[in-house]
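Try each task before you read its solution.

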Amino acid sequence: MAESTFSKISWTEFRPDQGRLTIGAALTGAGMLIGAAGVGLLVFELVRAGRNWTGTWEVPPTKLASRTFHQAQTAAQSAAQAGREAWTSYEESPVPRF
């Protein structure tokens, strides 16, 4: 099998500057911390604004959610009952032949 070009590279010549690598890593870490702080502040403000906004509603969100859930349950029960009635009252009619 032929030897690849990659294995012929002399890796002893690859010597990055340790100082620049250290500075780059430090800047990357600092940028990540600043980014995380920005995301935290963003989430905090969105939650605060959302709570203030929903606090002005006439119907609280929990009551609205429970009412909607109850409506969905009732609709599902009605649909199930209608399905049961249709299943039990179904009469097969003979197929007309021509």
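**Exercise 1. Find the salt-bridge partner of Glu45 and say how far apart the two residues lie along the helix.**

Solution. Keep in mind that this model is predicted.
- Step 1: Look at the side chain of Glu45, which makes a salt bridge with Arg48; their closest N and O atoms are 2.4 Å apart.
- Step 2: Check that distance against the cut-off, which asks for a nitrogen of Lys or Arg within 4 Å of a carboxyl oxygen.

**Exercise 2. How many salt bridges does the rule count, and which residue does Asp17 meet?**

Solution. 
- Step 1: The count comes to 2 salt bridges.
- Step 2: Asp17 pairs with Arg20, with 3.9 Å from N to O.
- Step 3: For accessibility, the cut-off for exposed is over 50%. Arg20, at 66%, is therefore exposed, while Asp17, at 44%, is partly exposed.

**Exercise 3. Locate Trp11 and name the surface patch that it belongs to.**

Solution. 
- Step 1: Trp11 sits in the segment before helix H1, which covers 18-55.
- Step 2: With 48% relative accessibility, Trp11 counts as partly exposed.

**Exercise 4. Is the chain a compact globule or more spread out?**

Solution. 
- Step 1: Begin with the secondary structure, which comes to 2 helices and 0 strands.
- Step 2: Compare the radius of gyration with the globule rule. The chain has 34 Å, well over the 13 Å that the rule gives for 98 residues, so it is more spread out than a compact globule.
- Step 3: Take the extent of the C-alpha trace, which spans about 90 × 60 × 20 Å along its principal axes.
- Step 4: Turn to burial: buried residues make up 0% of the 98 residues.
- Step 5: Finish with the surface. The accessible area of the chain is about 9500 Å², and 66% of it belongs to carbon and sulfur atoms.

**Exercise 5. How far apart are the mean positions of the positive and negative charges?**

Solution. 
- Step 1: Take the charges of the chain, 9 positive and 8 negative.
- Step 2: Their mean positions are 7 Å apart.

Key
Residues are numbered from 1 along each chain as its sequence is written. This is a predicted model: local features need pLDDT of at least 70, side-chain atom pairs count only at pLDDT 80 or more; totals for chains, interfaces and linings use all residues. Side-chain values use heavy atoms; hydrogens and water are left out. Helices (H or I, at least four residues) and strands (E, at least two) are DSSP runs, numbered from the N terminus. The radius of gyration is taken over C-alpha atoms; the globule rule is 2.2 Å times the number of residues to the power 0.38. Buried means under 20% relative accessible area, exposed over 50%, partly exposed in between (1.4 Å probe, protein chains only). Accessible areas come from the Shrake-Rupley method with a 1.4 Å probe; for residues, only the protein chains shown count as cover. Lys and Arg count as positive and Asp and Glu as negative; His and the chain ends are not counted. The place of a charge is taken as NZ of Lys, CZ of Arg, CG of Asp or CD of Glu. Patches are made of residues with over 30% relative accessible area and no salt bridge: like charges are joined within 9 Å, nonpolar side chains (Val, Leu, Ile, Met, Phe, Trp, Tyr) within 5 Å.
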